[in-house]
Amino acid sequence: MTRDFGFGDKENERKLDVSQFSPREGNDPSRDDLSLGDKAADRAGFKSREAVERVARMRKPSQPFDQAFVRAPIEVINRFKTFCNETGMSYGEALDELMRRAKV
């Protein structure tokens, strides 16, 4: 049984000279396959199915709370709410800040 599988003729066997070949330069290491795949998926409009990490809210030290009902003209209430919206403060934090500014 021959092992040349019909591709070679032992009498006229020529070997391929690979001494002139050199390895190709690799891809840029900064452009790995994963990032290329992510960029292609973004261009195609695919959304990631990976779970979004939830960040736990850091709560301030607990202290006793109470409520105060404030009856005021709607213009004053609207200014107070606008102040809270612009600063991102809760009503309690805004009340504390305004009292601090009034030095109360």
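Author: A residue is buried under 20% relative accessible area, exposed over 50%, and partly exposed in between, with a 1.4 Å probe and protein chains only. The model is predicted: local features need pLDDT of at least 70 and side-chain atom pairs pLDDT 80 or more, while totals for chains, interfaces and linings use all residues. Residues are numbered from 1 along each chain as its sequence is written, and side-chain values use heavy atoms, without hydrogens and water.

Reader: What percentage of the 104 residues in the chain is buried?
Author: The count runs over the 104 residues of the chain. The buried share is 4%.

Reader: What pattern does the chain follow along the sequence?
Author: Helices (H or I, at least four residues) and strands (E, at least two) are DSSP runs, numbered from the N terminus. The chain has three helices and zero strands. Read along the sequence, the pattern is α-α-α.

Reader: Is helix 2 roughly parallel or roughly perpendicular to helix 3?
Author: Axes are lines fitted to C-alpha atoms, for helices over the stretch in contact, and angles run from 0 to 180 degrees between N-to-C directions. Helix 2 and helix 3 pack at about 105°, with axes 10 Å apart. Angles under 35 degrees count as roughly parallel, over 145 as roughly antiparallel, 65 to 115 as roughly perpendicular and the rest as oblique. Therefore helix 2 is, relative to helix 3, roughly perpendicular.

Reader: Which residues of helix 3 make the contact with helix 2?
Author: Contact means heavy atoms within 4.5 Å. Helix 2 brings Phe80, Lys81, Phe83 and Cys84. Helix 3 brings Tyr91, Ala94, Leu95, Glu97, Leu98 and Arg101.

Reader: Is Glu97 buried or exposed?
Author: Glu97 lies in helix 3. Leaving out residues up to four places away in sequence, Glu97 touches Phe83 and Met89. Its relative accessibility is 17%, so Glu97 counts as buried.

Reader: Which helix gives the most to the lining of the largest pocket?
Author: A pocket is an open set of points on a 1 Å grid over the protein atoms alone, where a 1.4 Å probe fits, with protein on both sides within 12 Å along at least five of seven lines; lining residues have an atom within 4 Å of a point. The largest pocket holds about 540 Å³, and among its 16 lining residues the closest to the centre are Ala68, Val70, Phe80, Tyr91 and Leu95. Helix 2 (74-87) and helix 3 (91-101) each supply at least two lining residues. The top contributor, with six residues, is helix 2.

Reader: How many residues of the lining of the second largest pocket are charged?
Author: About 410 Å³ lies in this pocket. Of its 13 lining residues, the closest to the centre are Lys60, Gln63, Phe65, Ser90 and Glu93. Ala, Val, Leu, Ile, Met, Phe, Trp, Tyr, Cys and Pro count as nonpolar, Asp, Glu, Lys and Arg as charged, and the others, Gly among them, as polar. The lining has four nonpolar residues and four polar, and the charged ones number five.

Note on methods: Points joined across faces, edges and corners; volume = space filled by probe spheres on them.
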